[in-house]
Amino acid sequence: MIQIGADGRTWLLSGPTSSYALRLTEHDELLHLYWGARIGIADAEALAAESLPPERGFESRLDGHEEYPVEGGRRFVRPALSVRDDMVRGTEWQGTGSAVDGDELQVHFHDPLHHLRTTLHYRLRGDVVERFVILTHEGDHRTPELEVLRADSATWTLPWRERWRLSHLHGRWGAESRLTRSDLTYGEQTIGSRRGHTGHAHLPWVALDAEGASEEYGEVYSCALAWSGSWRITVHQLPDGAVQISGGVGHDDAGVTVLRPGTAIVTPVFAALWSDGGFGGASRAWHAYQRAHVIPDAGTVRPVLYNSWEATGFDISEEQQRVLAHRAARLGVELFVVDDAWFGGRVSDRAGLGDWTPNPDRFPGGLTPLADEVHALGMRFGIWVEPEMVNPDSDLYRAHPDWVQHQPGRARTEFRNQLVLDLSRADVRAYLWRQLDELLSGAPVDYVKWDFNRSFTDAGRPGDAGLSEPWWSHTWHLYDLLDRLRAAHPTVSFESCSGGGGRVDLGILSRTDQVWTSDNTDPLDRLAIQHGFSQLHPARVMAAWVTDSPNVQLNDRVSSLRFRFVSAMAGVLGIGGDLARWSEDELAEAREWVDLYKEIRPLVQFGDLYRLRSPESGLSAVQYVLGDHAVVLAWLRAQSYGQEQAPVRLRGLDPEAVYACRDTGETYRGAVLLRRGLRTGLQGDLDAGVFRLRRV
Ligand code: DGJ
């Protein structure tokens, strides 16, 4: 709901539990008034009537109070908008009106010197406020183009509090999305990616709490950027203690793009949420928001998949995939995915990327015979692609060496022996569309794992030295390609992968069905990665595979099938082990775990998540609740001194009700489960359990 104050210049946006208020002054300053627990329009108007603190000495009265600080004028904060033409840098704007349309507010500004129209958009989605900006060059052919150096999607202002704490998700390849928390101090703290993709180093999300919020209690302010290219989120504590968070595309101030007369750019969404249910409450609200407004077809169940990568690497053949498919079907797998190396000359990571036709030595009849067999086994059929890349050793590169991102006269930087295609070229985009459309039309493919295995280094274009446009436009062109493919092939699902979790964000999630969380499939490491991932994203998109033990990819850790399965069952279950080498006993046990997962899957994929104990503690656990059902997944790292594990206190249950547990065979009073907790009985090293509860 959006309410407008009596003077038409104060707006109050209210979700079910929270409110956000702003005001346009008579001097066309757009001021932040309020963000937090729900208030009324009279409260917002009372805040609007207050005047800003007086200006003194070196301090600007605007700093820390503006909704979208532009460069120029009486401001010293990091500008959200920085624009220049060949003569003048910075923005001086006039308010030119506002509009409310349902749950969306638009506030318009115009800079007459630059002929620049700036529209700030606010969209309410439950308690989530989505913000983005549209910049339009309203000049004609006589007016100079504008260089957009910075165009953040939003600046968020936090209320005044004694001391803030910052949480974010950091990592690297194989160790993504690990939660870290520290006190905020004066100055700017920036996270982001300079890599042209979201990156493994940070998920574009921050959370701030002031009064020591816990997992289930306290106020938490969090925001997340819907962008899969380079990005930056800066948390700034100003000298007087005010805190602002600004974020958008592009990492440094190297520039976003050039705005020519008559053209416009739209920034990605920067979404923010206030919650007073602690970090758990914030996560549940983010999950509900993504299921309702971001993830396509979020109400459909994600199937159990098999992926051959860890089993077969680059050494694949149709016959070997058939054998794996038969074994996968016996386990109850619902989607069989052929990973890398089915195409072109792809027999190692040195060749083949770019040539998206089946390798005739490996798949003499193309993909259709295998796809048909997989379908006959009752599974869907998926393939791996990495369309944005090319190996120098490929037919595509030999024909079009100029199609890659490069700086003329400079060495072309290779990672994993590959170069990045320049998607800002129309011919490259046309080629990719043709190849992928033909691929999906030519064989009965139900699922595409879309990978991206190196970061940008040489983005640029001959004749446009230093222009940052290819960095920014690549992501939009990628989105466009995915959108067109989805529209043309509506039955095909897509997975976003970038060497594991290098491209996980709200932008890619609005056009893919699930993401590959990490190349790290060690079930213990995964608990911490999943713990971080779940701060923002729901289990419904978090792919997790059971692979072989010892985990040869990573650390040689030995773990039981039980531990591996229960770890992977916390997300979208997949299997990635070499099934050809699994014993009959292992296959039989795996079948039981898959059946169990299918039973609890509605809770995992659509239920409310409660993180009961973090992986930092020796015994960690999560719980999913849906209606009268709950399921607890618990993992014990190591038992010490023969001690019994402390009971795990559950959440989200009715204290008055009685619950039956299928796995312990006991019934429990809700109040006991909530206040005393569930005894898991886990023991030894790397033990795990599943506890299904039903209200009786
Ligand atoms: C990186 C992915 O994360 C892996 O799962 C696998 O698909 C390889 N790429 C294939 O090259």
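Which residue has an N or O atom in its side chain 3.0 Å from an oxygen atom of the ligand?

Reply: That residue is Trp384, whose side chain places an N or O atom 3.0 Å from an oxygen atom of the ligand; such a pair is a polar contact, that is, a pair of N or O atoms within 3.5 Å, where within protein one must be able to donate a hydrogen and the other to accept it, and residues adjacent in sequence count only if both atoms are side-chain atoms. The model is a predicted one, in which local features need pLDDT of at least 70 and side-chain atom pairs count only at pLDDT 80 or more, while totals for chains, interfaces and linings use all residues. Residues are numbered from 1 along each chain as its sequence is written, and side-chain values use heavy atoms, with hydrogens and water left out.

Two further side chains belong in this picture: a polar side-chain atom of Asp451 lies 2.7 Å from a nitrogen atom of the ligand, and an N or O atom in the side chain of Asp519 is 2.4 Å from an oxygen atom of the ligand. Of the 300 Å² of accessible area that the ligand has on its own, the protein covers 98% (areas by the Shrake-Rupley method with a 1.4 Å probe; for residues, only the protein chains shown count as cover). Around the ligand there are 14 residues, among which Asp339, Asp340, Lys449, Asp451 and Asp519 come nearest (a residue is near if one of its heavy atoms lies within 4 Å). This shell comprises 5 nonpolar, 3 polar and 6 charged residues, where Ala, Val, Leu, Ile, Met, Phe, Trp, Tyr, Cys and Pro count as nonpolar, Asp, Glu, Lys and Arg as charged, and the others, Gly among them, as polar.

The ligand takes the space of the second largest pocket, since a molecule is assigned to a pocket if more than half of its atoms lie within 2 Å of its grid points. On a 1 Å grid over the protein atoms alone, a pocket is an open set with protein on both sides within 12 Å along at least five of seven lines, a cavity is a set of points where a 1.4 Å probe fits but cannot get out, and lining residues have an atom within 4 Å of a point. The second largest pocket has a volume of about 490 Å³ (the space filled by probe spheres set on grid points joined across faces, edges and corners). Of its 28 lining residues, Trp173, Asn453, Gly499, Gly500 and Asp519 are the closest to its centre, and the lining divides into 10 nonpolar, 8 polar and 10 charged residues.

The largest pocket, in turn, has a volume of about 600 Å³ and is lined by 25 residues, with His32, Leu33, Glu50, Leu52 and His65 nearest its centre. Two or more of these lining residues come from each of β4 (30–37) and α1 (41–49) (DSSP runs numbered from the N terminus, helices being H or I of at least four residues and strands E of at least two), and β4 gives the most, with 5 residues. Its lining has 12 nonpolar, 7 polar and 6 charged residues.

The largest cavity has a volume of about 160 Å³, and of its 18 lining residues Leu527, Gln530, His531, Ser534 and Val622 are the closest to its centre.
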